[in-house]
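Thanks for making time this morning. I would like to walk through one model with you, and I will give the cut-offs as the terms come up.

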Amino acid sequence: MAVKLRSTLKRLAALLPILILAPDRAWAGNAVEVDDITGPVRVNFENYNATTYGKVAFVRQSVPWCGYCREMIPAWNELGRKYRNHPDILIGELTCTSDILEDGMLCQHFHDLYGTEAYPSILYGDPFALKIHDDEGERRSFIEMDSFVKKFERRCAPWNLDLCDEESTERILKYSQMDINNLKIELNKIEDMVAASKEAYLKETRDFEDFNKEFHEVQEHAVNELSVGRPRPPRLAVFEKKFGVFEKKKALSMDAWKDSLSAASVSDMYMMKNILESKTSGEVRNEETEFVSDEL
């Protein structure tokens, strides 16, 4: 506890001159931004499974107004650039803001599973069983993070068949041997299911927001009526009763969307996507080779 307290005080002391002399510097608009084009990969609730498939994850949770988050961006960008196209390691950036639906949901999911609360929080390991890397902010330089990431062990994937068990190997070989059209048909079935459940959730969310807007107007009217001695409007009780119904429908549709993503994972959607991408890129390379041969 004493070590953690000293660490916190040291970080506050280092930040104090900035807060006093230039309070906007910690989150200045012209400060260095996360380079998600060539550096860390943006992850969210919807793309997380596909993005981390077959890889060991090293994911940072941050918020735009966090001074410590911005302070480590240069080192974080450098780390992301080094491992951007690595077959076995994913450096992921997750922005925890409620205005982006998929981002906020993944942050909440991580909070529920791993208890992450402070920013930045860095999680690592198996994408579905992550561990907290550094809860005191003492190992966030590029050299320290890079030396930690280098120790990651590879995971089972189509490009790492030597690490797969017999069942996983059979499934990978099955999809690898399918022709592209049949693979697309199988993949589209699963993707359509996920898309339908997401759209159902978004509809319930829109309905809930529309209801809330009207409910707020009814509440304001009730307050005005009560303030001048008039009775409580009966319409208020109707809306109060409906609130729980709309809230429950939204929660159930969100659970259905989550279940569809879990089912997609069980149904090998991400494995199929990866194999399809490899097959498609292989066809493109073959076409380019043929084109060059024809020219010659």
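Let me start with a definition: a residue is called buried when its relative accessible area is under 20%, exposed when that area is over 50%, and partly exposed in between, with a 1.4 Å probe and protein chains only. Before I apply it, please keep in mind that this is a predicted model, in which local features need pLDDT of at least 70 and side-chain atom pairs count only at pLDDT 80 or more, whereas totals for chains, interfaces and linings use all residues. Residues are numbered from 1 along each chain as its sequence is written, and side-chain values use heavy atoms, with hydrogens and water left out.

For the overview, the protein chain has ten helices and five strands, where helices (H or I, at least four residues) and strands (E, at least two) are DSSP runs numbered from the N terminus. The chain has 296 residues, of which 39% count as buried. If we take contact to mean heavy atoms within 4.5 Å, then, among the contacts in the chain with a separation of 6 or more, 73% come from residues 24 or more positions apart.

Now to helix α4, residues 73–82. Its buried residues are Ile 73, Ala 75, Trp 76, Asn 77, Leu 79 and Gly 80, and they pack against β2, α3 (67–71), β3 (89–95), β4 (121–125) and α6. The crossing of α4 and α6 is right-handed, a term used when the near helix is turned clockwise from the far one by less than a right angle, anticlockwise being left-handed. On the α4 side the contact is made by Ala 75, Trp 76, Glu 78, Leu 79 and Lys 82, and on the α6 side by Phe 142, Met 145, Asp 146 and Val 149. By class, that contact has six nonpolar, no polar and three charged residues, if Ala, Val, Leu, Ile, Met, Phe, Trp, Tyr, Cys and Pro are taken as nonpolar, Asp, Glu, Lys and Arg as charged, and the others, Gly among them, as polar.

A pair of aromatic rings is described by the distance of the centres and the angle of the planes. Here, rings of Phe, Tyr and Trp (its six-membered ring) pair if their centres lie within 6.5 Å, and planes under 30 degrees apart count as stacked, over 60 as edge-to-face and the rest as tilted. A search of the whole structure finds 18 such pairs. In one of them, Phe 58 and Trp 76 have ring centres 5.8 Å apart and planes at 40°, so the pair is tilted. Because Phe 58 lies in strand β2 (residues 56–62) and Trp 76 in α4, this pair ties together parts that are 18 residues apart in sequence. Phe 58 is buried at a relative accessible area of 0%, and Trp 76 also counts as buried, at 0%.

Which kind of pair do Phe 211 and Phe 239 form? Their pair is stacked, with 5.4 Å from centre to centre and 15° between the planes. Phe 211 belongs to helix α8 (residues 180–227) and Phe 239 to helix α9 (residues 234–266), so parts 28 residues apart in sequence are tied together. Both are buried, Phe 211 with a relative accessible area of 5% and Phe 239 with 6%. Ring pairs also link Phe 208, Phe 211, Phe 215, Phe 239, Phe 243 and Phe 246 into a cluster. The charged end of Lys 242 sits over the ring of Phe 239, 5.8 Å from its centre, and that of Lys 249 over the ring of Phe 246, at 5.9 Å; the criterion is NZ of Lys or CZ of Arg within 6 Å of the ring centre and within 35 degrees of the ring normal.

Finally, two backbone details. The peptide bond from Tyr 119 to Pro 120 is cis, with omega near -5°, and Pro 120 is found in the loop between α5 (101–114) and β4. Asp 268, although not a glycine, has a positive phi of about 70°; Asp 268 lies in the loop between α9 and α10 (269–295) and is buried, with a relative accessible area of 6%.
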